Amino acid sequence: MKERLQKLISRAGLMSRRQAEEKIRQGAVTVNRRIAEIGESADSQCDEICVDGKPLRFDAKVLTLMLNKPTGYICSMDDPQQRRLVGELLPADLGRLYPVGRLDYNTEGLLLLTNDGALAQHLTHPRHHVPKTYLVKVRGCLSDALRKKMESGVRLDEGMTAPARVEAVRRSGQNCWFELTLREGRNRQVRRMCEALNLPVVRLKRIALGGLRLDDLKSGMYRILPESELAGLKKIAGL
Ligand code: URA
């Protein structure tokens, strides 16, 4: 099946589509030893496609890893604003890996990255209610009444949040720390839930996802998930 060259190059894990287009423009891409043109399509099974003289390979090993994302990185493969990307924290020879869901620029903690499209899709599908636990530091005090509200449902613009669990609440001066477990994944959900209860978020870190915990993985570091952990994750994702 023929596909746009930039799509094929990105699928081979080499670079983003935008970067691939640039390579084509620069004349660095060949199809069957002829310099490719922008807009051209090719067949990964029949055509020999080279980038900078190196043939594309489509047999990338299926790989899923856990990264402890620091703040100041975005969960995207490209950024028009030139902010740092989580992919920059990983060695290039791991190939192209996609973040499973997102953590905000200012959120840190457990982020899965994978080249297993089915796993990524199932883990992020609302139907599977994959639990995610966040360590939250807010300014102010999470009283018993606010805690009950957070657990039973908070009204956001698009409707009430689903039941959640709050644990390990502790005060520290003007702030309060707690662990919040959600089974849904709305955009900026933790920050918006806290804002709705007048509790500005000072720090937000995801510490667990679908049975996996961040534990002592250092900020900016990653580890490849072994088959045993992948099996548990796939079960939770309904695969
Ligand atoms: N909730 C948020 O508000 N931000 C995140 O990054 C993740 C969950």
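The shell of residues around the ligand is made up of 4 nonpolar, 2 polar and 3 charged residues, in a model that is predicted.

**The shell around the ligand**
- The residues that surround the ligand are Leu103, Asp104, Thr107, Tyr134, Arg188, Gln189, Val190, Arg191 and Leu204.
- Helix 5, which covers residues 189–196, contributes the most to this shell, giving 3 residues.
- Two domains take part in the shell, since domain 2 (64–126 + 212–237) and domain 3 (131–209) each supply at least three residues.

- A polar backbone atom of Arg188 lies 3.2 Å from an oxygen atom of the ligand.
- In the case of Val190, a backbone N or O atom is found 3.2 Å from a nitrogen atom of the ligand.
- For Arg191, the distance between a polar backbone atom and an oxygen atom of the ligand is 2.9 Å.

**Burial of the ligand**
- The ligand exposes 240 Å² when it is taken alone, and the protein buries 96% of that area.

Technical notes:
Residues are numbered from 1 along each chain as its sequence is written. This is a predicted model: local features need pLDDT of at least 70, side-chain atom pairs count only at pLDDT 80 or more; totals for chains, interfaces and linings use all residues. Side-chain values use heavy atoms; hydrogens and water are left out. A residue is near a molecule or strand if one of its heavy atoms lies within 4 Å of it. A polar contact is a pair of N or O atoms within 3.5 Å; within protein, one must be able to donate a hydrogen and the other to accept it, and residues adjacent in sequence count only if both atoms are side-chain atoms. Accessible areas come from the Shrake-Rupley method with a 1.4 Å probe; for residues, only the protein chains shown count as cover. Helices (H or I, at least four residues) and strands (E, at least two) are DSSP runs, numbered from the N terminus. Ala, Val, Leu, Ile, Met, Phe, Trp, Tyr, Cys and Pro count as nonpolar, Asp, Glu, Lys and Arg as charged, and the others, Gly among them, as polar. Domain bounds come from an automatic or database domain assignment.
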